[in-house]
Amino acid sequence: MKGYQLLSISLVRKITITSATVIFLASCIEKDRKSVMGSLPDDSTYYQNPADSMVSFPKDWPESFGYGRTVLAEEISAWDIDVMPDGTGLPAGSGTVSEGSIIYKHKCTACHGVTGIEGPFDKLVGREPRNNFPFGKDYKYSSMRTIGNYWPYATTLFDYIRRAMPQNEPGSLTADEVYALSAYLLHLNEIVPSDAVMDLKTLPAIEMPARDRFVMDNRRGGREIR
Ligand code: HEC
């Protein structure tokens, strides 16, 4: 009984000494932190932007600094050129396969070849391997991907050519020229006949050969993957 009491007294002593040490060390650390923080302004002088907790700026800053001006509607529309898969965003205008072949000859052959397959840059024409679709399986097939065997929507052709091509002068083509080039490239890919006319109604109505190889990405930013 006595031995047990002695043991418990020494245990209590140990615990007391340990706790005192911990409290002492903690107060040293807090003192150190204060001496570092002391050189910074007090937190309350800063307004924390709720949209971005990493950004803070003084509370007394004005609403606006008087720089710049309101963007004009035509300036926004010059940038707002995206075309959706269903054709939303396509402009008025139209173009034929034969018009497209002339524009292609002048503005595209240098980089994509006379028939769209010679390069030196991306191959624009090719239906092979037809019903086979090996692209997702092996990286080596990526160089075979073309409008005819891979692109799921014809409307993307309009969007891409208008915003990015010709690469040395993007944005220089008119809507009619882009419709004509789309018609010509779709024809070379055996998707539309030689008398096809492309406009904001006919282009979205085309069913691309690879359309059903893709599904709409319906993830909402989480981990769900289809
Ligand atoms: C100065 C060279 C150059 C010219 C001229 C040019 N292109 Fe391109 N084009 C490229 C390059 C390089 C790429 C690949 C760009 C990339 O992957 O980022 C490309 C890609 C493309 C693609 C996408 C191919 C794919 O399957 O990914 C299309 C479509 C296209 N060009 C159409 C045209 C058309 C139509 C013209 C003529 C109006 C044209 N290009 C003129 C260099 C050029």
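This note reviews the fold, the core, the ligand shell and some local backbone features of the structure above.

1. Basis of the note. The structure is a predicted model, in which local features need pLDDT of at least 70 and side-chain atom pairs count only at pLDDT 80 or more, while totals for chains, interfaces and linings use all residues. Residues are numbered from 1 along each chain as its sequence is written.

2. Overall make-up. The chain has 7 helices and 4 strands; these are DSSP runs (helices H or I, at least four residues; strands E, at least two), numbered from the N terminus. Read from the N terminus, the order of elements is α-β-β-α-β-α-α-α-α-β-α. Buried residues account for 17% of the 226 residues. A residue is buried if 20 or more other C-beta atoms lie within 10 Å of its own, exposed if 12 or fewer, and partly exposed in between, with C-beta atoms placed from the backbone. Of the contacts between residues at least 6 apart in sequence, 56% join residues at least 24 apart; two residues are in contact if their C-beta atoms, placed from the backbone, lie within 7 Å.

3. The nonpolar core. In soluble globular proteins, nonpolar side chains tend to be buried together. The largest nonpolar core here has 25 residues, and among those with the most contacts inside it are Leu 157, Phe 158, Leu 181 and Tyr 184. Such a core is a set of buried Ala, Val, Leu, Ile, Met, Phe, Trp, Tyr and Cys residues joined through C-beta atoms within 7 Å. At least two of the core residues come from each of helix H3 (97–107), helix H5 (155–164) and helix H6 (175–188). The most is given by H6, with 9 residues. Leu 181 is in contact with Gly 100, Ile 103, Tyr 104 and Ile 161, leaving aside its neighbours within four places in sequence.

4. The buried side of H3. An α-helix has 3.6 residues a turn, so residues three or four places apart point the same way. In H3 the buried residues are Val 97, Gly 100 and Tyr 104. They lie on the same side of H3 because they cover an arc of only 55° around the axis; the arc is that of the directions from the helix axis to the C-beta atoms. The face of H3 turned away from this buried side carries the exposed residues Ile 102, Lys 105 and His 106. The cover over the buried residues of H3 includes E3, H4 and H6.

5. The buried side of H5. Thr 155, Leu 157, Phe 158 and Arg 162 are the buried residues of H5. Their arc around the axis is only 155°, which puts them on the same side of H5. H6 and helix H7 (202–205) are included in what covers them.

6. Leu 90, a buried loop residue. Leu 90 lies in the loop between helix H2 (73–79) and strand E3 (94–96). Leu 90 counts as buried because it has 22 C-beta neighbours inside 10 Å. Not counting residues up to four places away in sequence, Leu 90 touches Val 83, Thr 155, Phe 158, Leu 200 and Leu 203. The C-alpha atoms of Leu 90 and Pro 204 are separated by 9.2 Å, although the two residues are 114 residues apart along the chain.

7. The ligand shell. The ligand is surrounded by 18 residues, the closest being Cys 108, Cys 111, Met 165, Pro 166 and Gln 167; a residue belongs to this shell if its C-beta atom, placed from the backbone, lies within 6 Å of the ligand. Helix H4 (109–112) and H5 each supply at least two shell residues, and H4 gives the most, with 3 residues. By class, the shell has 11 nonpolar, 4 polar and 3 charged residues. Here Ala, Val, Leu, Ile, Met, Phe, Trp, Tyr, Cys and Pro count as nonpolar, Asp, Glu, Lys and Arg as charged, and the others, Gly among them, as polar.

8. Cis peptide bonds. The bond from Met 165 to Pro 166 is cis, with omega near -10°, and Pro 166 sits in the loop between H5 and H6. Another cis peptide bond joins Gly 119 and Pro 120, with omega about 15°. Pro 120 is in the loop between H4 and H5.

9. Positive phi angles. Arg 130 is not a glycine, yet it has a positive phi of about 45°. Arg 130 lies in the loop between H4 and H5 and counts as exposed because it has 9 C-beta neighbours inside 10 Å. Glu 190, also not a glycine, has a positive phi of about 60°.
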